[in-house]
Amino acid sequence: MELDILPTALYFRIAETFPRMTISDISRVILEQRKIKDSQEVEATREACRMVHQGHTRILEVLRDGMTELELSAEVEDAHRKAGHEGLYFVRQFDFFMGRGPVASGENLSRIAGKVQSITGVGLSRSIPLGASRKEIRTGEMVVVDVPTICNGYHSDQSRTYVLGKAPWGCKALYEGLKELADRVLQELKPGMRSDRVYEQAIGIAEELHIEPAFMRIGRDRKKIPFIGHGVGLELNEPPMISPSSSDTIEEGMIFALEMEMTNGPSEVVKLEDTILVTADGPELLTITPRGLHEV
């Protein structure tokens with residue numbers, strides 16, 4: 001059984017029902033099988049990426065001064081649903097809940113949600129302190145939207161950064177550094193590389209570009225977020241993890257999200273995340289939304 005996600009009460013009930021049976025954990029076996037996607041799984045992911053792009057298109061149409069994060073999130077969610085998004089997502093983490101996905105602006109970009117280190121935004125209450133809030137978005141503020149979609153059970157994970165009005169120079173510089181770093185990681189990514197090596201390369205490129213202090217940080221925490229990517233499939237977070245502690249090998253047929261962000265102050269946060277298919281020739285972007293900094 002998949003013991004990493006099986007509730008304790010159910011475990012005891014099954015053990016009592018089958019007293020002569022030995023319960024074995026097959027979680028790792030199943031997750032290993034799910035790492036490599038076939039053509040149907042890839043096509044479902046492509047469709048989910050087309051759905052998530054509709055949310056981006058809607059942002060360009062409706063984002064305005066005084067609009068709340070919640071109102072913007074609702075517009076994105078509506079566009080996703082009209083495009084065919086199934087309406088939920090699945091995360092392989094016990095007791096994890098959030099709104100339909102992080103939407104944060106201004107100072108909320110540096111407010112750790114309290115559940116997962118890589119997610120910011122305060123939600124509507126302490127009941128679910130993750131996701132969009134009733135904070136009004138103001139001209140000049142950065143806005144990060146990271147609302148996933150799902151098609152036939154397969155997810156798309158994408159983050160884009162927006163600025164309402166003209167982006168400040170510091171925001172542009174921060175984003176340009178982040179995008180160059182992400183582009184170079186993609187150029188060097190090949191099947192056969194170990195995940196920890198990909199992470200080390202990203203840190204090395206950040207140092208070369210003189211942006212390492214701001215790379216993979218959120219809020220006031222000086223520690224870096226300990227990953228730059230994660231597998232995407234039947235769940236939003238599957239192996240492989242692109243992290244310094246992972247020995248997973250990148251293989252042809254894997255789909256994962258390359259997820260990077262930078263912080264240069266409480267309200268200066270930019271993020272870029274794409275869903276990627278690993279091919280024999282390197283990575284293929286499945287997400288289709290333009291990857292620049294979007295001024296609305």
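In this predicted model, D157 is buried but forms no salt bridge. The nearest side chain of opposite charge belongs to K271, 6.7 Å away, whereas a salt bridge would need a nitrogen within 4 Å of a carboxyl oxygen. The side chain of D157 instead has a polar contact with the side chain of H230, at 3.2 Å. D157 sits in the loop that joins strand 4 (154–156) to strand 5 (160–163). Beyond its neighbours within four places in sequence, its contacts include D146, P148, V232, L236, A257, E273, D274, T275 and T287.

R291 has a relative accessible area of 13% and counts as buried, because the cut-off is under 20%. Its side chain makes a polar contact with that of D183, at 2.7 Å. With neighbours within four places in sequence set aside, R291 also touches R160, Y175, K179, A182, L186, L272, D274 and L285. From P168, R291 is separated by 123 residues in sequence and by 18 Å in space, C-alpha to C-alpha.

Turning to helix 4, this element spans residues 69–82, 14 residues in total. The distance from its first C-alpha to its last is 20 Å, close to the 20 Å expected at 1.5 Å a residue. Buried positions in helix 4 are E69, L72, S73, V76, A79 and H80. They cover an arc of only 125° around the axis, and are therefore on the same side of helix 4. These buried residues pack against helix 3 (39–62), strand 1 (103–105), strand 2 (142–145) and strand 3 (149–151). After helix 4 comes G84, with a positive phi near 115°.

Definitions and conventions. Residues are numbered from 1 along each chain as its sequence is written. This is a predicted model: local features need pLDDT of at least 70, side-chain atom pairs count only at pLDDT 80 or more; totals for chains, interfaces and linings use all residues. Side-chain values use heavy atoms; hydrogens and water are left out. Helices (H or I, at least four residues) and strands (E, at least two) are DSSP runs, numbered from the N terminus. The expected span of a helix is 1.5 Å times one less than its number of residues. Buried means under 20% relative accessible area, exposed over 50%, partly exposed in between (1.4 Å probe, protein chains only). The arc is that of the directions from the helix axis to the C-beta atoms. Contact means heavy atoms within 4.5 Å. Lys and Arg count as positive and Asp and Glu as negative; His and the chain ends are not counted. A polar contact is a pair of N or O atoms within 3.5 Å; within protein, one must be able to donate a hydrogen and the other to accept it, and residues adjacent in sequence count only if both atoms are side-chain atoms.
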